[in-house]
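Me: Please take a close look at one part of this model, the surroundings of the ligand. Keep it brisk.

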Amino acid sequence: MSLRLAIVGAGPSAFYCAHRVLSRVPAAVVHLYDRLWAPHGLVRYGVAPDHPEVKNCTHKFDETAQNPQFKFFGNVSLSERVPLANSLSIPLSSLFPHYTHLILAHGAGQSVQLTNLDPLHIHPTPTIHHYAYDFNWSWKCLSDVARLLLSDPDKLSPLDIPLHVIDQLKSSSIWHIDIVSRRGPLQLRELLNLPGASMDSIPPTLFPDLSSPGLSRQQSRILALLAKGSKNPPRSTPKTFSIRFLRSPRSSSSLDRTITYDLNTLDAHDRAQTTGESEMQRTDLIVTSLGYRSDHGWYDPSLGRSVRRIGALVKNVYTSGWAANGARGVLASTMYDAYSVADTLVADYVSGEAGAGGATAAGNPGTISVRLRRTGVPSFLREVSIQQGKRIVQYEQWKMIDEEETRRGQRIGKERERMRWEEVQEFLAQKSVQ
Ligand SMILES: Cc1cc2nc3c(=O)[nH]c(=O)nc-3n(C[C@H](O)[C@H](O)[C@H](O)COP(=O)(O)OP(=O)(O)OC[C@H]3O[C@@H](n4cnc5c(N)ncnc54)[C@H](O)[C@@H]3O)c2cc1C
């Protein structure tokens with residue numbers, strides 16, 4: 001049976017999987033489904049706009065998309081949960097009869113929430129508190145956000161940030177940001193070098209002995225950077241920030257605009273333990289950045305490439321990228337993970353180890369071929385699209401939108417000006433794209 005692969009998600013992991021499978025099995029059919037109308041996942045919606053070079057990987061994704069065996073169906077949500085308002089929604093099981101293999105590459109889209117915070121009114125007033133509960137990605141996200149809020153909006157305006165956001169940044173009266181972390185210091189080099197901002201000094205008692213043999217070279221370098229402080233001396237600039245370690249937010253009150261932290265200490269395994277003491281502080285705005293996790297309803301990540309569903313292993317279903325590993329790793333590690341998942345899938349396919357069961361639970365062997373209509377959309381999907389009155393965006397259409405966004409940006413001296421879904425629909429209608 002020929003290999004027909006559906007991938008849920010069209011982020012980097014999905015594109016790397018698609019590329020690898022098509023290079024190993026050129027006759028394979030590979031279809032990517034994404035609940036967003038634009039492909040590329042967090043490369044479009046996550047990577048900081050002042051790091052445009054990271055987005056160069058999309059050239060590679062464009063190359064993969066040129067393969068005639070490849071198709072992208074954007075604005076299609078495969079979910080048993082509440083779908084996005086504009087997107088067409090189909091259950092995961094509706095793919096089973098049409099494909100022999102399935103890769104879940106839907107990322108780690110569920111953000112971790114704090115339940116005991118009384119959200120303060122969003123006011124563009126002095127202080128932003130940023131909670132970091134987990135080191136890796138929440139730390140990266142919050143340093144990205146803090147850096148952008150502390151940057152000169154005129155320097156950001158040529159980048160991939162919508163004009164209305166630039167306008168908001170220009171009218172913002174934020175002058176100080178506290179970055180709060182329940183554990184100790186990590187890397188923040190770019191924040192420290194911002195031309196228009198300065199960091200409050202970190203109490204020297206928080207720094208271990210930099211020559212301690214327990215520290216890696218990278219850790220020593222980061223600690224030395226933080227101990228040295230920002231390029232601008234503390235409080236020498238209109239905008240300032242501080243990094244406040246060993247604190248966990250306990251509660252907040254919108255009445256007196258305060259936040260209360262539990263103060264922490266680190267145990268022998270570097271886990272944050274409360275000291276029993278607390279600290280109250282005034283604040284005007286809280287931004288949380290607590291990390292992301294994957295929707296585990298679909299599979300048991302401990303099973304690796306196989307998927308547990310309603311108590312049974314589902315053959316020929318694989319997980320890749322942040323969906324498999326949680327919010328861990330950069331594009332390079334996501335690529336290696338995707339390649340290894342694709343290699344496993346291809347090896348299973350070639351050896352026939354996966355047996356007769358297609359990308360399915362019992363009874364649906366994936367034997368119905370995917371019939372593409374004149375529009376390039378599979379028949380079963382086209383029918384649902386008409387029923388739900390929702391548009392599907394294919395890769396050729398995305399490329400037209402991509403070019404239009406770039407054109408609109410160039411007109412006003414920017415890298416690109418992003419279009420809203422309403423504008424996209426209008427634009428595609430003008431181009432008479434069905
Ligand atoms: C703020 C931020 C900044 C980053 N900066 C960098 C950087 O500078 N350099 C770097 O190397 N890496 C960076 N990364 C990491 C990089 O973005 C990830 O490694 C990579 O995007 C993970 O790819 P993925 O395909 O697994 O997940 P994602 O990129 O999250 O893609 C998942 C896709 O699945 C889709 N999806 C989800 N649910 C469904 C569903 N039910 N049905 C259909 N589709 C669905 C989503 O819409 C999304 O398009 C950053 C990440 C973040 C969050």
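Which residue has a polar backbone atom 3.4 Å from an oxygen atom of the ligand?

Reply: Pro-12 does. The model is predicted, so local features need pLDDT of at least 70 and side-chain atom pairs 80 or more, while totals for chains, interfaces and linings use all residues. Residues count from 1 along each chain as its sequence is written, and side-chain values use heavy atoms, without hydrogens or water.

A polar side-chain atom of Asp-34 lies 2.5 Å from a ligand oxygen. Trp-322 places a backbone N or O atom 2.8 Å from a ligand oxygen. The protein buries 92% of the 1000 Å² that the ligand exposes alone (Shrake-Rupley, 1.4 Å probe).

The shell holds 33 residues (a heavy atom within 4 Å). Asp-34, Leu-42, Leu-78, Trp-322 and Leu-331 are the closest. By class, 17 are nonpolar, 12 polar and 4 charged (Asp, Glu, Lys and Arg count as charged; Gly is among the polar). Helix 4 (136–150) gives the largest share, 4 residues. Helix 1, strand 2, strand 4 (76–78) and helix 10 (331–351) also give two or more (DSSP runs: helices at least four residues, strands at least two).

Asp-34 stands opposite Gly-74 in strand 3. The sheet is open, with 5 parallel strands in the order 3-2-1-6-19. Strand 3 (70–74) and strand 19 (317–319) are its edges.

Technical notes:
Pairing = 2+ DSSP bridges. Polar contact = N/O pair within 3.5 Å; in protein donor to acceptor, adjacent residues only side chain to side chain.
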